[in-house]
Amino acid sequence: DLDAVLSLARTAPPLHSPEPPDAPALSGTHPVLAVARDRAFCFYCRENLRLLEHLGARLRFFSPLEEDVLPPCDGLYLGGGYPELYAGRLSANRSMRESIRTAVGEGLPTFAECGGFLYLHQTLTDEDGPHPMAGVFPGGCRSTGRLRRFGYVTLTARTDNLLCPAGAQIRAHEFHYFDSDCNGSDFSAEKPVSGRKWDCIHASPTLFAGFPHLYFPANPDFARRFVRRLKES
């Protein structure tokens, strides 16, 4: 009943949302952050990208579908999207897969979420079978036919890592039909209402990769630490 919904909405008082916490820009040079952006990787929070730029990162967008190799950069951001719809093409671009595997293996600061996490697996399976991916993580990922661990979560770090120290928390969400043989266990995720918990994310001093999509304004220190690490690389 759309008329009733609109009528009810008109009775609501003004909604005042506080501004995200200020995150002063770091001084010094502007490191280059390579950000995957094409039809396979197109799911980003605009606020995340703006905050990274505000902190001093210079975003360099590139396409794992169309370009041959990872461009020169100080760090890598593989966002979400639909790599499962382009698994064959991503797999056929062997030079890009190998350049990313080599860069991550050599310690390039890398943040990969959801679709970007899928791309870092050994294989991604669609209706045509398994396709080789970047091969950073062993095992593969495949469709489960339904949403997995869907919704908002609070993440808590178990170890010091690329984005935060142990014990730090940030808001995030998951939305994916595919699942992995190796979801990681360096963070715990907790649902806000039910309190349901599970392990997730591979994290190290140079890597953060998993299904959750982070919202950097919920804890700008995550973004600040990432950009600082880019400057040190």
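The following legends describe close-up views of a predicted model.

In this predicted model, local features need pLDDT of at least 70 and side-chain atom pairs count only at pLDDT 80 or more, while totals for chains, interfaces and linings use all residues. Residues are numbered from 1 along each chain as its sequence is written, and side-chain values use heavy atoms, with hydrogens and water left out.

**Figure 1. The aromatic pair Tyr44 and Tyr77.** A pair of aromatic rings is described by the distance of the centres and the angle of the planes. Rings of Phe, Tyr and Trp (its six-membered ring) pair if their centres lie within 6.5 Å; planes under 30 degrees apart count as stacked, over 60 as edge-to-face and the rest as tilted. A search of the whole structure finds nine aromatic pairs. In one of them, the ring centres of Tyr44 and Tyr77 are 5.1 Å apart and the planes stand at 85 degrees, so this pair is edge-to-face. The two residues are 33 residues apart and link distant parts of the chain: Tyr44 is in the loop between β2 (41-43) and α2 (46-54), and Tyr77 is in strand β4 (residues 75-78). Helices (H or I, at least four residues) and strands (E, at least two) are DSSP runs, numbered from the N terminus. Tyr44 is buried at 16% relative accessibility, and Tyr77 is buried at 0%. Here, buried means under 20% relative accessible area, exposed over 50%, and partly exposed in between (1.4 Å probe, protein chains only). Ring pairs link Tyr44 and Tyr77 into a cluster with Phe111, Phe187, Phe208, Phe216 and Phe226.

**Figure 2. Arg37 over the ring of Phe61.** A charge sits over a ring if NZ of Lys or CZ of Arg is within 6 Å of the ring centre and within 35 degrees of the ring normal. Arg37 lies over the face of Phe61, at 3.6 Å from the ring centre.

**Figure 3. The open sheet of six strands.** Two strands pair if DSSP finds at least two bridges between them. The strand order in this sheet is β3-β1-β4-β6-β16-β15, and the pairing is mixed. At the edges stand β3 (58-62) and β15 (202-204), each with a single partner strand, so one side of each has no neighbour in the sheet. From one strand to the next, the twist averages 15 degrees; axes are lines fitted to C-alpha atoms, for helices over the stretch in contact, and angles run from 0 to 180 degrees between N-to-C directions. Strands β15 and β16 (residues 207-210) run antiparallel and are joined by three bridges. Ser204 stands opposite Leu207 in β16.

**Figure 4. The hairpin of β7 and β8.** Strand β7 (residues 121-126) and strand β8 (residues 129-132) run antiparallel, with four bridges between them. The hairpin joins β7 to β8 through two residues. Leu124 stands opposite His131 in β8.

Figure 5. A salt bridge is a side-chain nitrogen of Lys or Arg within 4 Å of a carboxyl oxygen of Asp or Glu. A search of the whole structure finds six salt bridges. Arg89 is partly exposed, with a relative accessible area of 35%. Arg224 is buried at 15%, whereas Asp221 is partly exposed at 46%. Salt bridges that share partners join Arg39, Glu66 and Arg89 into one network.

**Figure 6. Cysteines without disulfides.** A disulfide is a pair of cysteine sulfur atoms within 2.5 Å. A search of the whole structure finds zero disulfides. The sulfur of Cys45 is 12 Å from the closest cysteine sulfur, in Cys114, which is too far for a bond. For Cys164, the nearest cysteine sulfur is that of Cys200, 11 Å away. Cys164 is buried, at 1% relative accessibility.
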